[in-house]
Amino acid sequence: MPHAGWSDFAFDGIGTKWEISTPEPLPSAVRRSFLGVVEDYDRSYSRFRTDSLIARLAREPGTVVLPAGASELEVLFRKLYHLSRGAMTPLIGSSLEQLGYGVDYALRPLGHPVPAPRWEDVLEWNGSKISTSAPLVLDIGAAGKGQLVDLVATVLRSAGITEFLVDASGDMLHSGAEPLGVALEHPYDPTQAIGVVELHDGALCASAANRRAWGDGLHHVLDGATGRPVETVVATWTLAASALEADALATALFLVDPKVLDEEFDFSWLKVYSDGHAAYSAGFEGTLFT
């Protein structure tokens with residue numbers, strides 16, 4: 001609960017825990033709207049559901065028409081794909097499955113890492129329409145949770161609710177007059193914090209190698225060009241106007257020089273490397289503990 005006396009509405013969706021905090025309890029109609037938005041998103045984009053739209057493309061090549069918000073994902077993924085020279089890609093699903101992070105959650109590698117297919121070879125993505133020339137395991141997780149946070153916030157604003165915190169287990173969107181202090185989880189000890197940041201009318205997203213990790217050095221942030229987990233970075237945090245962008249950039253910081261991202265996006269960031277040192281942008285308004 002971000003502020004004393006606020007009300008919380010918690011639920012599970014897209015494989016993570018959600019908590020919506022507001023000054024007053026949410027009407028039941030608004031709660032139902034949340035659950036409907038989350039279910040629709042999952043049914044469209046989840047690679048873990050056999051009945052989702054993108055799961056069809058894993059079985060055979062073809063064309064699917066996604067919800068209108070897919071065009072925002074396309075623009076963002078296309079830009080980051082080029083900036084990262086293919087390291088950040090929505091085609092990373094097969095590489096994750098190769099390392100054991102598949103539909104069955106076996107968490108046992110099937111063999112050596114495999115690079116993701118090249119976008120320009122197999123994928124045509126124009127707005128909400130996606131066509132593939134081969135069976136492909138799409139994974140939009142690097143930005144999808146952030147986009148869903150934004151969609152949930154849209155439901156709140158449509159209901160006339162202007163003060164809130166949407167917390168999707170690491171991806172947060174805040175709206176209101178009173179800022180919120182958020183602790184930054186230690187990448188090697190989840191019970192400790194390495195600092196605190198002030199969140200005010202914007203999004204804070206995090207990505208860390210200790211989340212969705214399994215096996216010896218295996219975790220969910222892969223370099224699409226090699227199919228291997230990133231070893232040099234262990235955690236990132238980003239502040240941006242939208243959760244969609246903050247979420248995607250938190251992953252991009254594992255794969256792209258921050259100077260390159262600074263030239264293309266309006267955001268601030270903190271990055272912790274595996275050797276223990278940290279770097280941050282000039283606009284990152286947080287405090288790191290020593």
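A residue counts as buried when its relative accessible area is under 20%, as exposed when over 50%, and as partly exposed in between (1.4 Å probe, protein chains only). By that rule, helix α7 (residues 243–252) is mostly covered, with 9 of its 10 residues buried. The structure is a predicted model, in which local features need pLDDT of at least 70 and side-chain atom pairs count only at pLDDT 80 or more, while totals for chains, interfaces and linings use all residues. Residues are numbered from 1 along each chain as its sequence is written, and side-chain values use heavy atoms, with hydrogens and water left out.

- Helices (H or I, at least four residues) and strands (E, at least two) are DSSP runs, numbered from the N terminus.
- The buried residues of α7 are Ala243, Leu244, Ala246, Asp247, Ala248, Leu249, Ala250, Thr251 and Ala252.
- These buried residues pack against α3 (70–83), α6 (141–158), β7 (171–175), β10, β15 and α8 (258–264), where contact means heavy atoms within 4.5 Å.
- Thr236 lies in strand β15 and is buried, with a relative accessible area of 0%.
- A polar atom of the Thr236 side chain lies 2.6 Å from the backbone oxygen of Ala250.
- Leaving aside neighbours within four places in sequence, Thr236 is in contact with Cys205, Ala206, Ser207, Ala250, Leu253, Phe254, Leu270 and Lys271.

**Cavity and pocket**

- On a 1 Å grid over the protein atoms alone, a cavity is a set of points where a 1.4 Å probe fits but cannot get out; a pocket is an open set with protein on both sides within 12 Å along at least five of seven lines, and lining residues have an atom within 4 Å of a point.
- Grid points are joined across faces, edges and corners, and a volume is the space filled by probe spheres set on the points.
- The whole structure holds 1 cavity of 30 Å³ or more, and the largest cavity has a volume of about 40 Å³.
- Tyr45, Ile54, Leu66, Pro90, Trp125, Ile130, Leu138 and Ile140 line the largest cavity; by class, this lining has 8 nonpolar, no polar and no charged residues.
- The classes are nonpolar (Ala, Val, Leu, Ile, Met, Phe, Trp, Tyr, Cys and Pro), charged (Asp, Glu, Lys and Arg) and polar (the others, Gly among them).
- The second largest pocket has a volume of about 200 Å³, and its lining comprises 5 nonpolar, 4 polar and 3 charged residues.
- Strands β9 (189–199), β10 (202–208) and β15 (233–240) each supply at least two residues of that lining.
- Asp201 is among the lining residues of the second largest pocket and is found in the loop between β9 and β10.
- Phi of Asp201 is near 50°, a positive value in a residue other than glycine, and Asp201 is partly exposed at 49% relative accessible area.

**Aromatic rings**

- Rings of Phe, Tyr and Trp (its six-membered ring) pair if their centres lie within 6.5 Å; planes under 30 degrees apart count as stacked, over 60 as edge-to-face and the rest as tilted.
- The count by this rule is 11 aromatic pairs.
- Phe11 and Trp18 form a stacked pair, 5.8 Å centre to centre with 10° between the planes, and both residues are buried.
- Ring pairs link Phe9, Phe11, Trp18 and Phe34 into a cluster.

Note on methods:
A polar contact is a pair of N or O atoms within 3.5 Å; within protein, one must be able to donate a hydrogen and the other to accept it, and residues adjacent in sequence count only if both atoms are side-chain atoms.
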